[in-house]
Amino acid sequence: MRDVSIVGMGTTEFGVLDAGVKDLGVRAVSRALRSCDVSRADVDALYLGNFVAGILEGQENIAPLVADSVGLTGIPTMKTEGACASSGIALRQAYQAVATGVHDVVVVAGVESMTSAETTEFTRALNSAADTQTEGKTGLTFPGFYGLWLDRYMYEHGTTREEVAAIPVKNRKNGATNPRARFRDPITIDDVVESRLVADPLRLYDCCPAADGGAALVIAASDRARELTETPIQVLGSGHASGRSGAYRYDDLTTLDATVTAATDAYAQANISPTDLDVVELHDCFSAAEIGDSEDLGLFEKGEGATAAAEGVTAVDGDVPINPSGGLLSKGHPVGATGIGQVYEVCLQLFGEHENQVDGAELALTHNLGGSGAVCTVTVLGRDA
Amino acid sequence: MPAFPATECADCGELYGFPVVACRACGSESFEAHDVDGSGTVYARTTIRVPGADHQGQEPFEVCVVDLAADIRITARILDNPGLSPGDSVQFVEARDGVFFFEAA
Ligand SMILES: [Zn+2]
């Protein structure tokens, strides 16, 4: 296995962009190619993550369409789909192709266009990530899944609603200074606990907004990275696991084992422990998810994820900074673009150039989760020595 | 008290709440209907106030994860009782269009 580095990156802002998936993908890929000294002829393959373009736009087959539109005609391309983890999977596949020597330079992208869809079509598309034969029939939604999660979690740990609300308050504070975020206005604990119920005990401000967006990376074998950029970021560990098909399939609903498995693999490969990390971008599609993810990633003991946020431990200047970008709760959740968008944010951190910079960040983790914990990718990244 | 219509693997005896086409434990594709005690306990509960496309107009409604006495865990609906919490007792009422409905016991 060869070492793999990120040598280029590009993104759109995440928000209401009035553009389809192909155009967002083209913009992101074009920007990633422009960010480094990679010629079109250098690129061996393109992997693109997307979730619902087929349902919402009637547009499938977008990986070769994007490739042709950016001047990469002829190379092998493929789309990866794993609900909200679609582009985390794209990165994983591209990483494996480079690590094993199949390709030397690969473009990885994630893209989604959601906000122009009607609400009914939009929710139908999102719910297709659940098992439609079992829980889908009951009417359980994804806020509902995390409503069940939080109901059980609060029952087991005595966590208060106000402690849970500290998470969206933190992430919206961070998002306020991120020009790539959809929501840039801070909120208070009262705003959260007085917002309307969506799936008890989950409320509106516990839920991330939809967004349109695209993000892309250029990755390469590390021994070629210095030819392509002065500032490579090394992929130190990559984990990818599948989990449970529904809430009823968990023995302990508050531990999403796909995260535990993917993280364990990524930590082992990177030869680090969670306490070594300087900055984390994790999958906070709901406040409850950030609590659980932070525990499943081994950053906190079970039952301490919400109190850590309430005590400021996960703030930008805290001991365990989580989602200094504002996370999905602020940036928005352009589903298929989310995983690469997280990597974009931590690369800025490792460059020392983030709007919410964590002092001296050298070791970072991204965590991308899809469905009812059905699929997860975890990536550990560090400055290339 | 209605019994719960579980499914049993004909080869290894594994019990399932939702219908299955292959046994997770042994790979068998042979199953038999196997009624079990319809009493259960709430493991987790939520109230859906913003429904998906196929459940418009039913809101608010309660979805729960229920543990049956026969060691089967399923996701189900609770009939109009937002007050239930983890640990509370429920009783199976009926299965309709592939959805299991429970009520407070
Ligand atoms: Zn069996």
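Analyst: Leu297(A) touches Thr259(A), Ala263(A), Tyr267(A), Pro274(A), Val280(A), Leu282(A), Leu365(A), His367(A) and Val378(A), leaving aside residues up to four places away in sequence; contact means heavy atoms within 4.5 Å. This is a predicted model, in which local features need pLDDT of at least 70 and side-chain atom pairs count only at pLDDT 80 or more, while totals for chains, interfaces and linings use all residues. Residues are numbered from 1 along each chain as its sequence is written, chains are lettered from A and ligands numbered from 1 in the order in which they are written, and side-chain values use heavy atoms, with hydrogens and water left out.

User: Which residues have the most contacts inside the largest nonpolar core?

Analyst: They are Tyr146(A), Trp149(A), Leu253(A) and Leu297(A), in a core of 60 residues. Helix H7 (residues 142-157) of chain A gives the most to this core, with eight residues. A nonpolar core is a set of buried Ala, Val, Leu, Ile, Met, Phe, Trp, Tyr and Cys residues joined through side-chain atoms within 4.5 Å.

User: Why does Thr338(A) count as buried?

Analyst: Buried means under 20% relative accessible area, exposed over 50%, and partly exposed in between (1.4 Å probe, protein chains only). Thr338(A) has 3% relative accessibility and therefore counts as buried. Thr338(A) lies in helix H15 (residues 338-351) of chain A, helices being DSSP runs of H or I with at least four residues and strands runs of E with at least two, numbered from the N terminus.

User: What makes the arrangement around the zinc ion tetrahedral?

Analyst: The zinc ion is coordinated by the SG atoms of Cys9(B), Cys12(B), Cys23(B) and Cys26(B), at 2.3 Å. Donors are N, O and S atoms within 2.8 Å of the metal (3.2 Å for Na, K and Ca). Four donors count as tetrahedral if all angles lie between 85 and 135 degrees; here the angles are 103 to 114°, so the arrangement is tetrahedral.

User: How do you know that Cys9(B) and Cys23(B) are buried?

Analyst: Cys9(B) has 2% relative accessibility and therefore counts as buried. Cys23(B), with a relative accessible area of 5%, is buried too.

User: Why is one side of S2 and of S3 in chain B left without a neighbour in the sheet?

Analyst: The open sheet has the order S2-S1-S3 in chain B, with antiparallel pairing; two strands pair if DSSP finds at least two bridges between them. Strand S2 (15-16) and strand S3 (31-36) of chain B stand at the edges, each with a single partner strand, so one side of each has no neighbour in the sheet. Two bridges join S1 (residues 4-9) of chain B to S2(B).

Notes:
Tetrahedral: all angles 85-135°; square planar, octahedral: opposite > 155°, others 65-115°.
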